[in-house]
Amino acid sequence: MSRDRNQSRVFFGAFIIIVGALALLNNLHIFDTSDILPFWPLVFVGFGVMKLYQARHTSAYVLGGVLVLVGCGMILQRLGIMYFRWRDWWPAFVIFAGAMVLSRGLYGKQWRSRRDGVELVDGDNSSVDVVAVMSGHNLKSDSQTFKGGDILAVMGGVELDLRQASIVSEATLSVFAMWGGIVIKVPNDWSVVMNGTPILGGMDDKTVPPLVAGKRLVIVGEAIMGGVEVKN
């Protein structure tokens, strides 16, 4: 997980440096950036490849594949090799949402019941695997051996209540929010380590650190034009 986090930081750091260098060269009239503008969607391709390489859940594979396809399609259109209108392809987002739901139904490891509008993770609730695409989830876990998991929110929202849960020593929660939001509620005796990368978004740790740091929740992932908030 530390290796994946470092790879993400290297990718985004290199991207920011390249953008700044190109802007500087263009302003100094040393290099005309208009020659490479058609290739800016390579950012989506690079991010998708990184997600595929780091994927540990089905949802991450689907998301990585979609980002690669979108980036390649935009490049082909800008080069005049292929022409399409985005308004004709809006059903693809519906298909994407259906694929996410289907993958959860086929490969999901957890069954959930509901009580008072809150989804309760039944059975082995030591980890979570949540996908919200153009939808919302309100989850609660009371596992005394919580290990972490994966949360993905695309144009949707997820609220995870862990205030009745406990950690043996450390748990890692991987999050990804794009045009959506994730809220995580933790007990007062948990310390939170935020190692995510926000891009035109925010990742906020609003918890009050405990006096004795014995249980630690590590948050990793990305927030792209979305938000991730942890509070107690």
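Which residues make the nonpolar surface patch of about 1000 Å²? In this predicted model, the patch is made by Leu24, Leu25, Leu28, Ile30, Phe31, Ile36, Phe39, Leu42, Leu76, Leu79, Ile81 and Met82. One of these residues, Leu28, lies in the loop between helix 1 (2-27) and helix 2 (42-54).

**Lysine 185**

Lysine 185 is located in strand 8, which spans residues 181-185. Is this residue buried or exposed? With a relative accessible area of 19%, lysine 185 counts as buried, because the limit for that class is under 20%. Its side chain makes a polar contact of 3.1 Å with the side chain of glutamate 159. Apart from neighbours within four places in sequence, the residues in contact with lysine 185 are Glu159, Leu160, Asp161, Leu162, Arg163 and Lys231.

**The aromatic pair**

The model contains one aromatic pair. Phenylalanine 146 and tryptophan 190 form this pair, and it is stacked because the ring planes meet at 25°, under the limit of 30 degrees. The ring centres are 6.3 Å apart.

| Pair | Kind | Distance |
|---|---|---|
| Lysine 185 and glutamate 159 | Polar contact | 3.1 Å |
| Phenylalanine 146 and tryptophan 190 | Stacked rings | 6.3 Å between centres |

How values were computed:
Residues numbered from 1 in each chain as written. Predicted model: local features only at pLDDT ≥ 70, side-chain atom pairs only at ≥ 80, totals over all residues. Heavy atoms only, no water. Patch = residues over 30% accessible without salt bridge, like charges linked within 9 Å, V, L, I, M, F, W, Y side chains within 5 Å. Areas by Shrake-Rupley, 256 points an atom, 1.4 Å probe, with all protein chains shown as cover. Salt bridge = Lys/Arg side-chain N within 4 Å of Asp/Glu carboxyl O. Helix = DSSP H or I, 4+ residues; strand = E, 2+ residues; numbered from the N terminus. Buried < 20%, exposed > 50% of the residue type's maximum accessible area, 1.4 Å probe, protein only. Polar contact = N/O pair within 3.5 Å; in protein donor to acceptor, adjacent residues only side chain to side chain. Contact = heavy atoms within 4.5 Å. Phe/Tyr/Trp six-rings, centres within 6.5 Å; stacked < 30°, edge-to-face > 60°.
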